[in-house]
Amino acid sequence: MIWKTKTHEFAATVCQRTGAPCPALAQMARALTQTMSATKPVTKTEFEIEGTIDLSHCPEGCTARFRAQCDQIRVFCGTDPEIDTGRLDDYADMMFGTEYRSLPADLLRNPPCAMLEASLLVQHNGGEISPHVGV
């Protein structure tokens, strides 16, 4: 599922447990985009937050891991807390990226049950908005 706001483009997978888009995941991503926008005037571009949260509105009772940067936010639901964030990012690059990529089958024994990526939209000189590139 893909949607846009005035500031971000969102791409999310359906939840493998429910077979539907996860509203709790979308709410979490919107809150993170608002948080990162609010911090922009007082932080450098390298500012990043990372953590986990229980998605209380998820009917399955899911825990999500997230990493929020000024131009990209990723949320991974139902992942092993011990898995390296770099592996999750490699998996997300394969799923959400625009280039063909393959990864070893054993990269993630248990892939996320749902994932979301929010990319900052940037203004171009003609006033058109397009997704941030170069992540």
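R74 is found in strand 5, which spans residues 72-77. Strands here are DSSP runs of E with at least two residues, helices are runs of H or I with at least four residues, and both are numbered from the N terminus. The structure is a predicted model, in which local features need pLDDT of at least 70, side-chain atom pairs count only at pLDDT 80 or more, and totals for chains, interfaces and linings use all residues. Residues are numbered from 1 along each chain as its sequence is written, and side-chain values use heavy atoms, with hydrogens and water left out.

Is R74 buried or exposed? R74 counts as buried because its relative accessibility is 5%. The term buried means under 20% relative accessible area, exposed means over 50%, and partly exposed lies in between, using a 1.4 Å probe and protein chains only. The side chain of R74 makes a polar contact with the side chain of D93 at 2.6 Å, and another with the side chain of E117 at 2.7 Å. A polar contact is a pair of N or O atoms within 3.5 Å; within protein, one must be able to donate a hydrogen and the other to accept it, and residues adjacent in sequence count only if both atoms are side-chain atoms. Leaving aside neighbours within four places in sequence, R74 is in contact (heavy atoms within 4.5 Å) with R65, F66, R67, D89, A92, D93, L116 and E117.

Helix 2 covers residues 85-96, has 12 residues and reaches 16 Å from its first C-alpha to its last, close to the 16 Å expected at 1.5 Å a residue. The expected span of a helix is 1.5 Å times one less than its number of residues. Which residues of helix 2 are buried? They are T85, L88, D89, Y91, A92 and F96. These residues cover an arc of only 160° around the axis, which puts them on the same side of helix 2. The arc is that of the directions from the helix axis to the C-beta atoms. An α-helix has 3.6 residues a turn, so residues three or four places apart point the same way.

F96 is buried, with a relative accessible area of 19%. F96 and T13 are 83 residues apart in sequence, but 9.4 Å apart in space, C-alpha to C-alpha. Leaving aside neighbours within four places in sequence, F96 is in contact with A11, A12, T13, M115, L116 and E117.

The loop between strand 5 and helix 2 holds T79. T79 counts as buried at 13% relative accessibility. Apart from its neighbours within four places in sequence, T79 is in contact with T63, R65, L88 and P112.

Strand 6 (residues 114-123) contains A114. At 2% relative accessibility, A114 counts as buried. Not counting residues up to four places away in sequence, A114 touches T13, V14, C15, L25, V75, F76 and C77. A114 and L25 are 89 residues apart in sequence and 8.2 Å apart in space, C-alpha to C-alpha.

Helix 1 covers residues 23-39; this helix has 17 residues and reaches 25 Å from its first C-alpha to its last, close to the 24 Å expected at 1.5 Å a residue. The buried residues in helix 1 include A24, L25, A26, M28, A29, L32, T33, M36 and T39.

How many disulfides does the structure hold? It holds 0 disulfides. C15 is in no disulfide, and the nearest cysteine sulfur, that of C113, is 4.4 Å away. C77 is in no disulfide either, and the nearest cysteine sulfur, that of C62, is 4.4 Å away. A disulfide is counted here as a pair of cysteine sulfur atoms within 2.5 Å. C15 counts as buried at 6% relative accessibility, and C77 counts as buried at 2%.

The last step is the chain as a whole. The protein chain has 2 helices and 7 strands, and along the sequence they follow the pattern β-β-α-β-β-β-α-β-β. Buried residues make up 39% of the 135 residues. Of the contacts with a separation of 6 or more, 48% are between residues 24 or more positions apart. The chain exposes about 8,300 Å², and carbon and sulfur atoms supply 51% of it. Accessible areas come from the Shrake-Rupley method with a 1.4 Å probe; for residues, only the protein chains shown count as cover.
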